[in-house]
Amino acid sequence: MDLNGVTIHPGALDHAAQEALVADLRDVVSAAPLFHPETSRGRKMSVRMTSAGALGWVSDRRGYRYEPAHPSGVAWPPIPDRLLALWDRLADCATPPDTCLINFYGEGARMGLHQDRDEASFDFPVLSLSLGDDALFRVGGTERGGRTKSVWLSSGDVAVIGGDARLAYHGIDRTRFGSSSLLPQGGRINVTLRVAGVSAAPPS
Ligand SMILES: O=C(O)CCC(=O)C(=O)O
Ligand SMILES: [Fe+2]
């Protein structure tokens, strides 16, 4: 399924694979706890986040960027093998991801329309996995203000943001809190895999 050039793979992971991944992510979060990032304008984002991989995405009063360590100073834990395998299966990209962002959406959390553009190159796709509660995903064009299309993502769905749509505006309007029982307390986890630190794709 295609949403303004973003490829959606519904049900890419079955329930057992989702549960195994949640266990992997619990290990990541115990090593690198979720934090509540602030935007450069000093507003708290409604999602909590952390990362795995050589680099992790952070946002604070100094702006958005990738950093080699968690705000506490500890190195980010490695990207779980199960996620590297998902990248190999669905990203259509020979370069492995060097960063894995984990966003946690509690009740009422959302993410405004934005482009993912903090990476060194836009030649590599972004792979986005949904776990837990359903979420309304909106995708526009590569210019702000373009026409948008929306789809409800459910647990186990994967979206690949790449090619001509790599810089498409996208966001999460809302979630249906408690719609999934994957996480005992409810909520949604979004995992995005990216190649952040490599400056260009090798010629193919
Ligand atoms: O939660 C989602 O599905 C999207 C997350 C996202 O766009 C991002 O982390 O850049
Ligand atoms: Fe994004």
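Predicted model: local features only at pLDDT ≥ 70, side-chain atom pairs only at ≥ 80, totals over all residues.

Student: OK, what volume does the largest pocket have?
Tutor: About 890 Å³.

Student: And which residues lie nearest its centre?
Tutor: Those are Met-45, Tyr-64, Met-111, Gly-112 and His-114, out of 36 lining residues.

Student: How does that lining split into nonpolar, polar and charged?
Tutor: You get 13 nonpolar, 12 polar and 11 charged residues. Strands β5, β6, β7, β12 and β13 each put in at least two lining residues.

Student: How much space is in the second largest pocket?
Tutor: About 240 Å³. It has 13 lining residues, and Arg-26, Leu-34, Phe-104, Leu-183 and Ile-189 are the closest to its centre.

Student: Switching topic: where does UniProt put the "binding site" feature?
Tutor: The unreviewed UniProt entry lists, among others, Asn-103, Tyr-105 and the run from Arg-188 to Arg-194. From that set, the lining of the largest pocket takes in Asn-103, Tyr-105, Arg-188, Asn-190, Thr-192 and Arg-194.

Student: Is Arg-194 buried or exposed?
Tutor: Buried, because its relative accessible area is 7%. Arg-194 sits in strand β13, and its contacts include Asp-98, Asp-116, Glu-119 and Trp-87.

Student: Why does Val-191 count as buried?
Tutor: Because its relative accessibility is 1%, and the cut-off for buried is under 20%. Val-191 touches Leu-25, Leu-83 and Cys-100, among others.

Technical notes. Residues numbered from 1 in each chain as written. Chains lettered and ligands numbered in written order. Heavy atoms only, no water. 1 Å grid on protein atoms, 1.4 Å probe; cavity = no way out; pocket = protein on both sides within 12 Å on 5 of 7 lines; lining within 4 Å. Points joined across faces, edges and corners; volume = space filled by probe spheres on them. Helix = DSSP H or I, 4+ residues; strand = E, 2+ residues; numbered from the N terminus. Nonpolar A, V, L, I, M, F, W, Y, C, P; charged D, E, K, R; others polar. UniProt positions renumbered as here; feature names shortened; annotations may be inferred. Buried < 20%, exposed > 50% of the residue type's maximum accessible area, 1.4 Å probe, protein only. Contact = heavy atoms within 4.5 Å. Lists of a residue's contacts leave out its neighbours within four places in sequence.
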